[in-house]
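Here is a friendly briefing to read alongside the structure.

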Amino acid sequence: MNLLLIGYLLLWTALAVNFAGVFRPARWLDLVPVIVATAAWAALTVGLVARGLSAGHWPLTNRYEFALCFAWAILGIYLLQKVRWRGVNAVGQLASAEGAAILALALLVANYALTRPADERAIYPLLPALRSVWLQIHVLSAAIGYGACGVAAGLALPRVLRGSKPAADAEPGIESADRRIERTVAWGFPWLTLSILTGAVWAQEAWGRYWGWDPKESWALITWLWYLLVLHLRSVRGWRGIRLAVLVVVGFVVVLFAFAGLPWLIRTVRLTSLHGF
Amino acid sequence: MTDVVRRAWRWLARTDVAALLLALAIVLMAAGSLFPQWTGAAVADKTRWEALIRDRYGGLAGLLTTLDAFRFFQSPLFVGLLVVLALATLLCALNRWPALWRGAWRRPERPPDALLDSAPHIACFTAPPSADLPDRVRRCLRDRGFRVISESSGNGVYLRGDRNSLARMASLVDHLAVLLLFVSAVTSAALGWRTELTLAPGQAALVGHGSPLSVRNDGFTILRYPDGSPANYEAQLGVADPTRTISGRVAVNRPLALPGVHVYLLGYQPTAAGDAVTLLAVHDPGYGLVIAGGLLLLLGLSVAVGFPHCSVHARIAADGALRLAGFADRGAIGFGHEFAGLAAELHKASVSSP
């Protein structure tokens, strides 16, 4: 059976268990969704590696493959945080709510991948312009940066829904959601920067200019500026907390638009773009 | 007048003003991305471009052209905003430099007592009076990667441990990197040039702009995958300067580097005599600065994210009363946990010591 499909189904399972934890908190419900999500991530990883081996190049060359890597990155960063922040991460109902939000966003991206037309899911030889090591670094760093934006938005969603009420299960020693959101944005931002920088290097090699105000380039910069705005506002009085969380959620909408919405904009207002995805 | 300049300086250096400028840049860029942009090619293309715009936007074409909608990213409005943003970045860096420099390099061993009482992380307990308590605190901090300095006074001993204290400079490095990126854009626009050349087989042409280099189309090849689809396009070029002629290859993603000029393969057109190739000769002195600025920015961001600054202050009174105070950047997730562990370890060691 298709490993990518197994990963997708496991993601749904992890989401369902997390939802159960939101409504009926239990200690075991902290651990089970993480185990299932780890299995989903492993299946996605093996599926992507298998696709890369069969294509003869990294699976980063069209919207289908990028969406798969994007979902893989959201899941990977979520699991990485579970390991790195052991002991200071949220527990109980809050952990379930955050996990459910992050997995829902990963599924949103995975659904986008699985609903791509068959010709986009097929494997083709690499176009000449895509035969560059800079493409691989550019797209992989974009996937990781976007993944961090997804995780930050997943942490921010319960924070926005909770409003100004304190977390029901806040415990001593547990880092606040606000700090974890800020930290996730700060972690993802260098990846977004690396993506733009390597994209500029690639553009210089392919087209002889590092920046051309192509719609995709403009929106990559808009995304970068949005998170730069978030990083600046966290030190401005009155902007921490729920306002920043709202901005982080909106930031992910900007990310999704820059990735999935831009082709629609290009078609609608009849723009031209050198970028295939 | 001086007062006005000083107030303008302070206003522009504020973080909330920087955020406002960033928000404005986002809105303007989103608006600019709704219109096709004129990239500044040959005059014949411009005539075709104007016809296309008239056809697409009808009666609004004139108004939109007047509003610079099709040259939005070169318009005075957008360039003006970038200039103000660059100025704000510079002023912010200049304003913060002295305090951050002092914080990174010249730290007082003994903080004001009020600071110890208002720290975000505090622990206090009284240990049996012991001469080696300062050494124990010092050892505990060093084991956790803190660099420790100390000062003795009549009130007792003050110790200060810092970890990643230079990380505070990362923000300045980032601001300087952004300025370098602005400078690189100006350099590219002011000193760079581009020439598009379409060469029939065997035809040669000067790359222009006073360069003595000329390039000749010596052949064109399409490299193919086993299934017949194109794997790459490659042109064989003869390059001549007043002293010699050399040959070189240019392919997609593989420009030909010549002194001061890079030659790119843009396309090809089959003709009866063979394949004509379209080349792009580019001189861009700003590109190296972009790379330098980008790498500097990455360095600053990575240091700020990976190495958050943390500090622990200890005041040991003569009667054995120990007060610990911890401070950390907001990025130091888990510092509270670490601080509690440090306090617990010291408390345990102090109680169990003879």
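In helix α9(B), the buried residues are Y287(B), V290(B), G293(B), G294(B), L297(B), G300(B), L301(B), V303(B) and A304(B). Buried here means that 20 or more other C-beta atoms lie within 10 Å of a residue's own, against 12 or fewer for exposed and in between for partly exposed, with C-beta atoms placed from the backbone. This is a predicted model, in which local features need pLDDT of at least 70 and side-chain atom pairs count only at pLDDT 80 or more, while totals for chains, interfaces and linings use all residues. Residues are numbered from 1 along each chain as its sequence is written, and chains are lettered from A and ligands numbered from 1 in the order in which they are written.

**Helix α9(B)**
- The cover over the buried residues of α9(B) includes α7 (177–207) of chain A and α8 (170–191) of chain B; helices are DSSP runs of H or I with at least four residues, strands are runs of E with at least two, and both are numbered from the N terminus.
- From first C-alpha to last, the 20 residues of α9(B) reach 28 Å, close to the 28 Å expected at 1.5 Å a residue (1.5 Å times one less than the number of residues).

**Where the chains touch**
- Chain B brings 48 residues to the contact and chain A brings 47 residues; two residues are in contact if their C-beta atoms, placed from the backbone, lie within 7 Å.
- On the side of chain B that touches chain A, α2(B) gives the largest share, eleven residues.
- That side of chain B has 28 nonpolar, 15 polar and five charged residues, where Ala, Val, Leu, Ile, Met, Phe, Trp, Tyr, Cys and Pro count as nonpolar, Asp, Glu, Lys and Arg as charged, and the others, Gly among them, as polar.

**A25(B)**
- A25(B) sits in helix α2 (residues 15–32) of chain B.
- Why does A25(B) count as buried? Because A25(B) has 20 C-beta neighbours inside 10 Å.
- Beyond its neighbours within four places in sequence, A25(B) contacts L225(A), L81(B) and L85(B).

**The sheet of chain B**
- Five strands form an open sheet in the order β1-β13-β12-β3-β2 (chain B), with antiparallel pairing; strands pair if DSSP finds at least two bridges between them.
- At the edges, β1 (121–126) and β2 (147–153) of chain B each pair on one side only.
- Strands β12 (residues 310–317) and β13 (residues 321–328) of chain B pair antiparallel over seven bridges, and V312(B) has G326(B) in β13(B) as its bridge partner.
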